[in-house]
Amino acid sequence: MRMKFALISFFLTLFLVVFSQKYNNLAPTPPMGWNSWNKFSCAIDEKSIREIADAMVASGMKAAGYEYINIDDCWQGERDSLGFITADRLKFSSGIKALADYIHAKGLKFGIYSCAGDKTCAGRAGSRGYEYQDAIMYAKWGVDFLKFDWCNTSNLNAQGAYQTMSEALKRAGRPIVFSTCEWGKNKPWQWSKNMAHLWRTTGDITNCFDCVDEHGGKFKTYGVLQILDMQQGLRNYAGPNQWNDMDMLEVGNGMSLNEQRAHFTMWCMMSSPLIAGNDLRNMSNETLKILTNKELISINQDSLGISAFKFECTDSVETWIKPLSKDDWAICFLNRSAKIRLVAVDWKRFNLTDSLTNRELKISSSSVYKFTEVWEQIKEGDTRKNTCAFLPSRDVLCFRLRKQ
Ligand code: GLA
C-alpha cells in the first residue's frame, strides 16, 4: 500500500514538474523580430502584416537575424459559442492560420498577443478563464510566440496568472515562446524563469530619448534613458532562455540618428530582445543600417547571454561593459548629456573582474585585444595604443574587443 502511494506521488510530482516548466531552449539568445504596436497600435490588418513579412525578408532584416513577425493587440474578434477565440473578421478575413502559414512560408515565425485580464489593454477579449482554450487555438494556428499582457486583471495574482498560461501552452503541445508583459510591477524577474522566456521589466516605451509621458496622470510611458535606468539590479536575472525585456524598439520612428544609435546599442548591450517597432515597408537606409548592425547584433546574440554592467560615469558619459564568449568584450560609452564630450580611452583602465560572473578582462602588453568601433567612427586598432574621439550628445561609441 505504502509502495503504491509512494509510486503515485512520485509520478504526480514528475508530471507537475514536467508540465509546470516552460518549453526548453526556445530562446537561447534574445528573441529578434518585429511587433506591430509601436508604429500601428490598433491599425493592423492581414494585408499590412503580410507586407511587413515581405519587407522583413526583402530588406535583409531576416538575413541579419530577425525572425518573429508578431501581431499585438486588436487582432481579436468575438469568442465563438464554445468559447474559442476568433480573429477580427474585417481585418483578418482569411483567418489567423492563413496568416501564420504565409509567414512560415517565408522562413519566418509568427507571434500573437493576448492578455491575462478579462479584456486586453485595447478592450478586446482577454484570456482570463480561457487560457487553455486559447493555448489550444494558438497551437492549432501555428503560433510560435505569445506576448501576454496585464490589463484588466483586477485582483489576479501575477505569478499565478502567468503560471496558468505557461502551463496551458505546455499542454497545448506546440513550442511557443512565452513573453510576459506585466511591466515589472510584481518584479517578474524574481519568479518567471521557469515559466517564461522573456519578461517586460518596465511600463511602455515612448518614442523619445529622455522623457516620461504622463498621459494625463492615467499611466506613464518612458523614454530610452528612463528604461535603461530601470534595469539597475536586473542583470543577474538574465541569461539564455530568460531575458529582461526592455520593450520594443523605437528605431525608425522619429528620434534623431544618434539617439537611435544609442537606443539600439544599449538594447544590444543589455541583452534585451530586439523587436523592431517601425514600418519595415518604408524605412530609410539609416534606419536599416542601425537595425542590421552586424557587430552589435553579434554582441546582443552572444551565446553567453551576459548582460552589460555600468562600469563608471564621468560628466554624464557612462561606460558599459559586456563580457562575451571567447574572452571577447564589448565596451561602450554613452553620452547622456546635451553637450559633446571628449572620450579618451585608456585601455589599461579596464583591467577588471566582473563580480557577477568572475570573468576577468586583462589588458596589458602581453594581453592584447584588437578593437572595432561598431559604428565605424574610429579606425580599427589594438589595445597597445590608446585612442580618443569626440562623442556628440546622446550618442555612443562602442568597441568590440577581440582577444589576439
Ligand atoms: C500594453 C503593452 C503594450 C501593448 C499594448 C496593447 O500597454 O505594454 O506593449 O501591447 O498594451 O494594447
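Of the 404 residues of the chain, 55% count as buried. Buried means under 20% relative accessible area, exposed means over 50%, and partly exposed lies in between, with a 1.4 Å probe and protein chains only. This is a predicted model: local features need pLDDT of at least 70, side-chain atom pairs count only at pLDDT 80 or more, and totals for chains, interfaces and linings use all residues. Residues are numbered from 1 along each chain as its sequence is written, and side-chain values use heavy atoms, with hydrogens and water left out.

Start with the whole chain. It has 11 helices and 22 strands. These are DSSP runs numbered from the N terminus: helices are H or I with at least four residues, strands are E with at least two. The radius of gyration is 22 Å, close to the 22 Å of the globule rule for 404 residues, so the chain is as compact as a globular protein of that length. That radius is taken over C-alpha atoms, and the rule is 2.2 Å times the number of residues to the power 0.38. Along the principal axes, the C-alpha atoms fill a box of roughly 70 × 60 × 45 Å.

Next, contacts and surface. A contact means heavy atoms within 4.5 Å. Among contacts with a separation of 6 or more, 68% join residues 24 or more positions apart. The chain exposes about 17,700 Å², and carbon and sulfur atoms supply 51% of that area. Accessible areas come from the Shrake-Rupley method with a 1.4 Å probe; for residues, only the protein chains shown count as cover.

Charge comes next. There are 50 positive and 44 negative side chains, and the centres of the two sets lie 4 Å apart. Lys and Arg count as positive, Asp and Glu as negative; His and the chain ends are not counted. Each charge is placed at NZ of Lys, CZ of Arg, CG of Asp or CD of Glu.

Now turn to helix α5, residues 96-105. Its residues Ile 96, Leu 99, Ala 100 and Ile 103 are buried. Seen down the axis of α5, the buried residues fall within an arc of 100°, so they line one face of the helix. The arc is that of the directions from the helix axis to the C-beta atoms. The cover over these buried residues includes the helices α3 (46-58) and α6 (131-141). It also includes the strands β2 (68-70), β4 (85-87) and β5 (109-115). Just after α5, Gly 107 takes a positive phi of about 80°.

The loop between β4 and α5 holds Arg 89. Arg 89 is exposed, with a relative accessible area of 76%. Its C-alpha atom is separated by 6.6 Å from that of Gly 77, 12 residues apart along the chain. Leu 82 lies in the loop between β3 (76-79) and β4. Leu 82 also counts as exposed, at 63% relative accessibility. Leu 82 and Gln 133 are 51 residues apart in sequence, and their C-alpha atoms are 9.5 Å apart in space.

Move on to the loop between β7 (177-180) and β8 (198-200), where Lys 187 lies. Lys 187 is not a glycine, yet its phi is positive, at about 45°. At 43% relative accessibility, Lys 187 counts as partly exposed. Ser 192 also lies in the loop between β7 and β8. Ser 192 is buried, with a relative accessible area of 1%.

Another positive phi in a residue other than glycine is that of Ser 316, near 65°. Ser 316 sits in the loop between β13 (309-314) and β14 (317-323). At 32% relative accessibility, Ser 316 counts as partly exposed.

Thr 265 is found in helix α9, residues 257-269. Is Thr 265 buried or exposed? Thr 265 is buried, with a relative accessible area of 0%. Leaving aside neighbours within four places in sequence, Thr 265 is in contact with Leu 296, Cys 332, Trp 375, Val 396 and Cys 398.

Thr 383 is placed in the loop between β20 (381-382) and β21 (387-391). Thr 383 counts as buried, at 3% relative accessibility. Beyond its neighbours within four places in sequence, Thr 383 has contacts that include Trp 347, Ile 363, Tyr 369, Phe 371 and Leu 401.
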